[in-house]
Amino acid sequence: MPRSSRRRRHPCSTAVGPLNDDDLLREILLRLPPQPSSLPRASAVCRRWRLLLSDPGFSRRFRIHHRRNPPLLGFFVRNEGLPFLPSLDAPDRVSPGRFSLQRGDGDRFKSLGCRHGLILVSNKPNNQILVWDPVTGDQHRLDIPPVVAIHAKKTTINGAVLRADDARHFQVVLTVADNDDKQHRRALACVYSSETGAWGELVSTQLPSGVPMSNAGTFVSTYKPAVLIGDSLYWRLGGNFTGILEFDLEKQSLAVIWLPVHILEEGHYLFSIMRAEGGGLGLLLQTDFSIELWKRKTDCDGVASWGLGRTIELDKLLSLNSEENEIMIQGPMGENNVVFVWTHHILFTVHLESLQFNKLPGAYPLFYYHPLESVYAAGI
C-alpha cells in the first residue's frame, strides 16, 4: 500500500464520512467532558468545529447535557464582596476575576445559596433578591413580596434557587419567620417563577412555642443554605425553637420537623441537614473528629423517628493528627452528599457514601463558602 494512502485524514476533511455530518458531529462534541478546557481545545481543531461549538444553541445543549455532573469550578466566599476562589488546576483553572458580581448604588449583598449554577443573593436595603448566573453574567433582580419584606426587616430571610431542566427558567423560594404574635408564631414562604414572572400565593405553617414565655423569636437560619432532598427544601430553624423547616415544592406546603431529642439535650448544635443514604431526610452531626449520619424513618403507622446510621472517623480517613488539628465541616454541598472538611487552610472534599476524598489545590482561609458547580467553557 502506498505510504500516502495510510495518512490519517484531518477531522475537517471534505471527504465523505461520519464527521462530515454536522448533526452527528454535534452529538459527538456534546459528549466531551464538561471541564472548562474541553470545548476551547476542540474549537482549535479547525474553523468548522469552532463555528459549531460557538453557536449559542450548542452551548445551551452542552450545559443541559452535563447538568447532572458539572465540575466544581471553585467557591464564592460568603461575605459582601462574594470573591471567587478557583479550585481546579490549569488548564481548567478559572481566573478569580472571571466571576465578579457587579453592584449598584445602595446595594448590600448577602449570599443565601448556590444551586444549579445560580447564586441567590439578598439585597436587603433595596428589598430585592438577586439571581445571578456567574457563567453567563445574567442578573435578575426581584422585588421581595411586601408581606415577606415586612418580616425580613425584623429577622433573617433565607431562600433557595432552582433551575429548570431546560436551563431556561428558574424558581426562587423565600422563607421568613413571623413573630408578631408570640402565641401564634408562623413560618412563611413564597415562590417566584421566571416562567410566569410573578410570585405565587403566600404559604404558612405554625411554629412550635419553643421556650415558654421567651421573648426571643424563632428565625430561619442563614448559617447553612437550603438543602434539596427529593421534591422538598429544608432549612434550619433557630432562636426560640431549634428544628427543621420543610417546604414541599410539589404540594406548595410548609412543615416543621423536630430534631432527635439527644441532640438538643447534649447541646450538639453542629449539625447539618443532608440526604440520607438510600434517600430521605438525614442529619450530619459533628462530634470532634467524627461525624454521625442519622436518618429519619416513618413506620407503617406514619410515626416518624430518627435512627443512627454510620459513624465516620475523619481523622483516620484523612490521616489527620487529632491533637494538632482542628476541623470545620461545611456541607453537604449540592445534592451529591459531598462535604467540605477544612483544617488549617487545607480543604478536602469527602463523599459520604463512597468515602472517596480529594485534597483541593491552594490555600483556603477559614470562611464559609458557596461551591460553584457549573459548566463553563473559557473563550467559547
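**Exercise 1. Determine whether cysteine 114 and cysteine 190 are buried or exposed.**

Step 1. Buried means under 20% relative accessible area, exposed over 50%, and partly exposed in between, with a 1.4 Å probe and protein chains only.
Step 2. Cysteine 114 has 18% relative accessibility, so this residue counts as buried.
Step 3. Cysteine 190, at 4%, is buried.

The model is predicted: local features need pLDDT of at least 70, side-chain atom pairs count only at pLDDT 80 or more, and totals for chains, interfaces and linings use all residues. Residues are numbered from 1 along each chain as its sequence is written, and side-chain values use heavy atoms, without hydrogens and water.

**Exercise 2. State how many disulfides the whole structure holds.**

Step 1. A disulfide is a pair of cysteine sulfur atoms within 2.5 Å.
Step 2. Searching the whole structure gives 0 disulfides.

**Exercise 3. Classify the accessibility of histidine 116 and histidine 344, and give the phi of each.**

Step 1. Histidine 116 has a relative accessibility of 34% and is therefore partly exposed.
Step 2. Its phi is near 55°, a positive value in a residue other than glycine.
Step 3. Histidine 344, with a relative accessible area of 40%, is also partly exposed.
Step 4. Phi of histidine 344 is positive too, at about 50°, although the residue is not a glycine.

**Exercise 4. Identify the bond that joins alanine 90 and proline 91.**

Step 1. Omega between alanine 90 and proline 91 is about 5°.
Step 2. The two residues are joined by a cis peptide bond.
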